[in-house]
Amino acid sequence: MARRYTTSIPKLVSKIHYCQRRRLNSTAYINLDDSKELFSTVTTSKLMATAFTLHVVMNEAMIHFGSKVMNSRLMDTPISREVLLGSIEHTLYHHFCGGKTLKDADRAARKLWESGLQSMLDYGMEHAHDNASCDHNMREIIHTISSTLSLPSSPVSSVVVKITAIFRPQLLKRVSDLLRWEFMDNSLHLPWKLQSFPLLSNSSALYHTPHGPEALTLEEERDLDLGFERLIKICESSLEANVPLLIDAEDTAIQPAIDYFTFHAAIMYHNGNKPLIFNTIQAYLKDSKERLVMAKRAADKAGIPLGIKLVRGAYMSTERQLALSLGANSPIHDSIQDTHDCYNACAAFMLEGIANGPGSLILATHNIESGSCFCLIYRPCQTPPKSVTYNDAGKLAAAKVVGTGMKRDNVQFAQLYGMAEALSFGLRNAGFKVSKYLPYGPVEHIVPYLLRRAEENRGFVSTAALDRQLMR
C-alpha cells in the first residue's frame, strides 16, 4: 500500500507542497473568486456530477422528505428498502461517503491526497446495542488505524471514533446522569470515576437529571470496564500508528459521559506537547465556551496538551424539542449569529492559547466567514486589505495567531467529504492543512447520519449554493 502512494503521485504532491510554501511566504488569504484555480485538480466529469448532486441537496424540502422516508415503514419492506437504498447509494451516498469498506475509503482518501487534501477516516457505525456489536466496532476502528502504518506520508490525518460505537448509549446516559448529579451535589462519590477535566458548568443543561440517579449496578460497572478496555485498545493502536483520534460529540443527554471518557484518554495518551486524543466542542451550545476554557486551563495546569475539534453542532432540532417537552430552556443559542459568535470566540481562545503553548485545534467549518477570518495571515508590518473587515479585535488576534500555529503544524481546517469544496480548495491554495471528514460503512447505517447532518446544518445549503455557482 505504501508503494502505491509513493510512486503514483510524487510530482503532484511536490508541486502542491511547493505552491503552499510559496503562498505562505507572502500574504496568504483565501481566494474564492478564481474557480479555475480552485478546482484545477478536479476532472470535468467530477465537477458535473458534483454540480448535479448539489442541486438536489440544496432543496431543503427534499432533504426533509428524505429523512422522513428513511424513518418510514417503507424501510421495513424488503423490496422498497432495496429500491430506496439502491437509489440513494448511487447518488447522495456515492458523493458524500468514501464507500462501504475500508478499501473503498482508502481509494477515496488517495484521490483526496492527490488533490492536496487529507482524510479523517470515520467508520460510520454508531449506537451499538450490546457488547458483541461494541467489540465488532472496536476491531473495525483498530483495523482502520492499523491500515495507515505502512504509509510513509499518510493521506490520513486522523481517525474518527464514536463513543456510542464502543459503549452502549443507555450506559452513556446512566453515566451522564451520575456525572450531572455529582456536579449538583458535591457530596456524591462515584467510586468508578477516574481522572478527567471539568465536564460541566453552571450554564450546562442539567434538566436531563431531575432527581438523584441510582448507583451503577454490578452489570453496568462490568460494561463500563469493558468499554474502557475497548477505548484503551483503540488508543494504544493510535499511539503505535501515531495517528490522532477525533472523538465525535453527541446530544447533551450523553455528552458528559463522552467528555469524561475522552478527557481521561487524553490525559493517558499524548505525544509530548502534541495531543493524540481530540475532543469535540459544539459551539451551538450556550455552555461551550465556558466548558472549553475550564478544560484548557485544567489541561495546562496538568501539563497535558489539549486537542480540540471545534464544530457548530448537529442536533439543534432534537435538542430544542426535548428541552421544550421538559419545560426547560433550550441549551442551543437563540440565533445562528450567536452560534457564529461563539464559534469565533472559542476559536480565538484556543488559537491564542496554543500560540506559545501546547495543544492543537481543528477548525471544522463550512462557514465561509469563519474560514476566511481564521485563515488570513499578515506579516507584522502589514495591514489587512480594505476589503477585509473584522467585527472585533479578537478575530484579528486569532488571524495573527494562525500564522504561528501553521508553522507549528497544530492548526488545521476540516469539512465534510463532498461538502464545501470551494472552501476546502481555497484553504488548500492558501497553504493550509485541510482534511475532509470521510465516512464509510454500510449504506443503511451511513445515510441516516448524512441526512441528519444535512437537515441540521442549514449553513451547508448556502455553502452548496456557492460550490455549485463556482462549478458552472
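## First stop: a group of rings

Start by selecting Phe-167, Trp-192, Phe-228, Tyr-260 and Phe-261, which together form one aromatic cluster. Keep in mind that you're looking at a predicted model. Across the protein, the count comes to 9 aromatic pairs.

How far apart are the ring centres of Trp-192 and Tyr-260, and at what angle are their planes? The centres are 6.0 Å apart and the planes sit at 70°, so this pair is edge-to-face.

Trp-192 lies in the loop between H9 and H10, while Tyr-260 belongs to helix H11 (residues 255-268), so the pair ties together parts that are 68 residues apart in sequence. Are these two buried or exposed? Trp-192 counts as buried, at 12% relative accessibility, and Tyr-260 is buried too, with a relative accessible area of 0%. The cut-off for buried is under 20%.

## Next: a second ring pair

Hop over to Phe-413 and Phe-432. Their ring centres are 5.5 Å apart with the planes at 85°, so this pair is edge-to-face as well. Phe-413 is in strand E9 (residues 411-416), and Phe-432 is in the loop between helix H17 (421-429) and strand E10 (434-440), so you're seeing a link between distant parts of the chain, 19 residues apart. Phe-413 counts as buried at 1% relative accessibility, and Phe-432 counts as buried at 1%.

While you're on rings, select Arg-312 and Tyr-343. Arg-312 lies over the face of Tyr-343, at 4.1 Å from the ring centre.

## Then: helices around H10

Show the cartoon and pick out H9 (residues 169-184) and H10 (residues 218-241). Their axes come within 11 Å and cross at roughly 105°. That makes H9 roughly perpendicular to H10. To see the contact, show side chains for Leu-171, Arg-174 and Val-175 on H9 and for Glu-220, Asp-223 and Leu-224 on H10. Sorted by class, the H9 contact with H10 has 3 nonpolar, no polar and 3 charged residues.

Which way does H8 run against H10? The two axes come within 9 Å and cross at roughly 10°. That makes H8 roughly parallel to H10. On the H8 side, the contact residues include Cys-134, Met-138, Ile-141 and Ile-145; on the H10 side, among them are Leu-226, Arg-230, Ile-234 and Ala-241. Asp-223, which you already met in the H9 contact, is also one of the H10 residues touching H8. By class, the contact of H8 with H10 has 8 nonpolar, 4 polar and 5 charged residues.

Stay on H8 and click Asn-137, which is found in this helix. Asn-137 counts as buried, at 3% relative accessibility. Leaving out residues up to four places away in sequence, Asn-137 touches Tyr-123, Met-125, Ala-128 and Ala-165.

## Last: zoom out

Of its 472 residues, 55% count as buried. And of the contacts with a separation of 6 or more, 79% are between residues 24 or more positions apart.

Definitions and conventions: Residues are numbered from 1 along each chain as its sequence is written. This is a predicted model: local features need pLDDT of at least 70, side-chain atom pairs count only at pLDDT 80 or more; totals for chains, interfaces and linings use all residues. Side-chain values use heavy atoms; hydrogens and water are left out. Axes are lines fitted to C-alpha atoms, for helices over the stretch in contact, and angles run from 0 to 180 degrees between N-to-C directions. Helices (H or I, at least four residues) and strands (E, at least two) are DSSP runs, numbered from the N terminus. Angles under 35 degrees count as roughly parallel, over 145 as roughly antiparallel, 65 to 115 as roughly perpendicular and the rest as oblique. Contact means heavy atoms within 4.5 Å. Ala, Val, Leu, Ile, Met, Phe, Trp, Tyr, Cys and Pro count as nonpolar, Asp, Glu, Lys and Arg as charged, and the others, Gly among them, as polar. Rings of Phe, Tyr and Trp (its six-membered ring) pair if their centres lie within 6.5 Å; planes under 30 degrees apart count as stacked, over 60 as edge-to-face and the rest as tilted. Buried means under 20% relative accessible area, exposed over 50%, partly exposed in between (1.4 Å probe, protein chains only). A charge sits over a ring if NZ of Lys or CZ of Arg is within 6 Å of the ring centre and within 35 degrees of the ring normal.
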